[in-house]
Amino acid sequence: MRSVRVTIMVLLGSLREGSINRQLVETAVESAPTEVDLQLFDRIGELPFYNEDIDTQDAPEPVMALRAAAAEAAAALVATPEYNGTIPAVLKNAIDWLSRPWGNGALKGKPLVVVGVARGRYGGSWAHDETRKSFGIAGAKVLDEVRLSTPTEVLGGLHPRENRELATALRSVVEKLVVEAAERGLPPSR
Ligand SMILES: Cc1cc2nc3c(=O)[nH]c(=O)nc-3n(C[C@H](O)[C@H](O)[C@H](O)COP(=O)(O)O)c2cc1C
């Protein structure tokens with residue numbers, strides 16, 4: 001691992017206060033190498049629905065904040081549940097905002113991994129597949145081979161930080177993002 005600081009943007013596909021995926025993000029933050037700043041962009045619920053008419057130089061402030069956070073990051077980590085077999089709408093909306101300007105979105109070429117917890121037996125893997133596909137089309141460098149879809153029952157009602165295997169896997173995911181970002185020469189933000 002490098003000794004310089006690396007910022008990784010985190011997006012969370014659940015707005016629920018008691019979200020297990022939020023706990024997964026907390027676990028990723030706690031288990032990350034010290035030189036990594038995992039920065040949760042916790043405002044996707046404030047984004048208006050994507051509309052080309054308002055996607056101008058004066059785009060709404062939460063949109064500007066989202067794009068600025070993505071621009072500052074060297075990589076991105078996405079944690080999301082599955083809703084009705086696919087991506088929660090609030091997350092898909094954030095992807096749409098991040099996909100513009102077309103061909104030059106703020107995550108263009110940046111390594112991105114999708115993880116998550118969901119109640120179903122496949123741990124939300126349909127949603128994770130769709131999220132990977134959509135972010136890839138939006139321009140991110142999706143690390144398709146990195147997969148971590150965890151069924152809720154694996155946690156046995158405990159916070160994910162109590163699951164050593166999961167915490168270790170999350171650390172590996174973050175390390176992989178740092179290595180990929182470095183290989184692409186993406187600068188850390190500070
Ligand atoms: C609207 C809705 C749709 C859901 N659809 C699915 C689904 O398709 N597959 C699944 O595994 N879980 C589904 N669930 C259950 C979620 O996986 C579960 O509530 C999970 O804990 C939500 O993530 P969170 O705790 O981070 O909010 C759904 C939940 C809601 C509220």
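Predicted model: local features only at pLDDT ≥ 70, side-chain atom pairs only at ≥ 80, totals over all residues.
Find Ser 14 on your screen: a polar atom of its side chain sits 2.7 Å from an oxygen atom of the ligand. Now look at Gly 120, where a polar backbone atom is 2.7 Å from an oxygen atom of the ligand. With Glu 82, the ligand brings a nitrogen atom instead, and that nitrogen is 2.8 Å from an N or O atom in the Glu 82 side chain.

Now let's move to the helices, and please keep α3 in view, residues 89–98. What is the angle between α3 and α4, which covers residues 125–137? Their axes cross at roughly 15° and come within 9 Å. Angles under 35 degrees count as roughly parallel, and therefore α3 and α4 are roughly parallel to each other. The crossing in which α3 passes α4 is right-handed. On the α3 side, the contact is made by Leu 91, Lys 92, Ile 95 and Leu 98. From α4 come Thr 131, Ser 134 and Phe 135. Sort the residues of this α3 and α4 contact by class and you get 4 nonpolar, 2 polar and 1 charged.

Helix α3 has another partner to show you: α2, residues 61–72. Here the axes are 10 Å apart and the packing angle is about 75°. Since 65 to 115 degrees counts as roughly perpendicular, that is why α2 is described as roughly perpendicular to α3. Val 63, Leu 66, Arg 67 and Ala 70 of α2 make this contact with Ala 94, Trp 97 and Leu 98 of α3. Which classes of residue do we find in the contact of α2 with α3? There are 6 nonpolar residues, 1 charged and no polar ones.

Next, take α1, residues 20–31, and α5, residues 164–183. They pack at about 70°, and their axes are 9 Å apart. That angle makes α1 roughly perpendicular to α5, and the crossing of the two is right-handed. Leu 24, Thr 27, Ala 28 and Ser 31 in α1 meet Leu 166, Ala 167, Leu 170 and Arg 171 in α5. The residues of that α1 and α5 contact divide into 5 nonpolar, 2 polar and 1 charged.

Before I stop, a word on the backbone. Most peptide bonds are trans, and most residues other than glycine have a negative phi. Asn 84 is not a glycine, yet its phi is positive, at about 50°. Then go to the loop between α3 and β4, residues 111–118, which is the place of Pro 101. The peptide bond from Arg 100 to Pro 101 is cis, with omega near -5°.

Conventions. Residues numbered from 1 in each chain as written. Heavy atoms only, no water. Axes fitted to C-alpha atoms, helices over the stretch in contact; angles between N-to-C directions. Helix = DSSP H or I, 4+ residues; strand = E, 2+ residues; numbered from the N terminus. Parallel < 35°, antiparallel > 145°, perpendicular 65-115°, else oblique. Left-handed = near helix turned anticlockwise from the far one by under 90°. Contact = heavy atoms within 4.5 Å. Nonpolar A, V, L, I, M, F, W, Y, C, P; charged D, E, K, R; others polar. Polar contact = N/O pair within 3.5 Å; in protein donor to acceptor, adjacent residues only side chain to side chain.
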